[in-house]
Amino acid sequence: PSAQPAHRPFSEAFPTPSGRFEFVSDRAEADGHGRLPNYRPAAEASSRPRDDSLALIAAASDHHVNSVFAGTEHTRSRTSRPPLTLHPDDAACRSLNAGEPVVVENHRGSFEAVLEVSDRTQPGVALTTKGWWRQGLNNTVPETDSDMARGAVFHDNRVAVAALGT
């Protein structure tokens, strides 16, 4: 069998009017973003909370691609609920223990998760994964488009976390 050529994205051109990577972009400026890249803080997640809410961020799942295959029997047999990772300090002040079911909620909605406790996340930040079919962070995310590309704002979300049933 012949060897496959190496995958080299953008080796011929970028999908820009110039065909090059554009550090200065007339198109971005025309779209209202400015000619140069800039930082815009998250509207909700970066705000100083007046309560004990946490900034919720979401990584890709190891078990499915977005919500594709999330509802299959095979996936459900391996993962009953989304994971939620809290820093040990955040778990302790809420009297939560690793492995217990928790409810993650805000004024938009809620979902159930299984708690993981780890210093992989910072204090004040809760980590979950995207793509849970009919459950998960979509229930809590604002119906707002991102500043570029009109995507979902999965990382601009504040939530409360408590033991399930409390």
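Visitor: Which element of the protein has the lowest mean pLDDT, and which the highest?
Guide: This is a predicted model, and pLDDT is the predictor's confidence in each residue. Helix H3, residues 88-93, has the highest mean among the elements, at 97. The lowest mean, 61, belongs to helix H2, residues 73-78. Where pLDDT is low, the predicted coordinates should not be read in detail.

Visitor: What is the mean pLDDT of the protein?
Guide: Of the residues, 86% reach 70 or more. The mean for the protein is 83.

Visitor: Which residues of strand E2 point one way, and which the other way?
Guide: In a regular strand the side chains alternate between the two faces of the sheet. Strand E2 covers residues 83-86, and all are buried. Leu84 and Leu86 point one way; the other way point Pro83 and Thr85.

Visitor: Which residue in E4 is the bridge partner of Pro83?
Guide: Strand E4 spans residues 109-117 and runs parallel to E2. Four bridges join the two strands. For Pro83, the partner in E4 is Val114.

Visitor: How many salt bridges does the structure hold?
Guide: Side chains of opposite charge can pair when their charged atoms come close. Another links Glu116 with Arg120, with the closest N and O atoms 3.5 Å apart. With the bridge of Asp90 and Arg94, the structure holds three.

Visitor: Is Asp26 buried or exposed?
Guide: Asp26 has 53% relative accessibility. The cut-off for exposed is over 50%, so Asp26 counts as exposed.

Visitor: Are Asp90 and Arg94 buried or exposed?
Guide: The side chains of Asp90 and Arg94 meet in a salt bridge of 3.7 Å, N to O. Buried means under 20% relative accessible area. Asp90 and Arg94 are both buried.

Visitor: What is the relative accessible area of Arg120?
Guide: Arg120 forms a salt bridge with Glu116. Glu116 is partly exposed, at 35%. Arg120 is exposed, with a relative accessible area of 57%.

Visitor: What is the angle between the planes of Phe10 and Phe14?
Guide: The structure holds three aromatic pairs. Phe10 and Phe14 form one that is stacked, 4.8 Å centre to centre. Planes under 30 degrees apart count as stacked, and here the angle is 10°.

Visitor: Why is the pair of Phe14 and Phe21 edge-to-face?
Guide: The ring centres of Phe14 and Phe21 lie 5.6 Å apart. Planes over 60 degrees apart count as edge-to-face. The pair is edge-to-face because its planes stand at 70°.

Visitor: Which residues do ring pairs link into a cluster?
Guide: Phe10 is partly exposed, at 48% relative accessibility. Phe14 is partly exposed too, at 29%. The cluster links Phe10, Phe14, Phe21 and Phe23.

Visitor: Which residues form a nonpolar patch on the surface?
Guide: Val24, one of them, is found in the segment before helix H1, residues 26-30. Val24 counts as partly exposed, at 41% relative accessibility. Together the patch residues have about 450 Å² of accessible area. They are Phe21, Phe23, Val24 and Leu36.

Terms used:
Residues numbered from 1 in each chain as written. Predicted model: local features only at pLDDT ≥ 70, side-chain atom pairs only at ≥ 80, totals over all residues. Heavy atoms only, no water. Patch = residues over 30% accessible without salt bridge, like charges linked within 9 Å, V, L, I, M, F, W, Y side chains within 5 Å. Areas by Shrake-Rupley, 256 points an atom, 1.4 Å probe, with all protein chains shown as cover. Salt bridge = Lys/Arg side-chain N within 4 Å of Asp/Glu carboxyl O. Buried < 20%, exposed > 50% of the residue type's maximum accessible area, 1.4 Å probe, protein only. pLDDT = per-residue confidence, 0-100. Pairing = 2+ DSSP bridges. Phe/Tyr/Trp six-rings, centres within 6.5 Å; stacked < 30°, edge-to-face > 60°.
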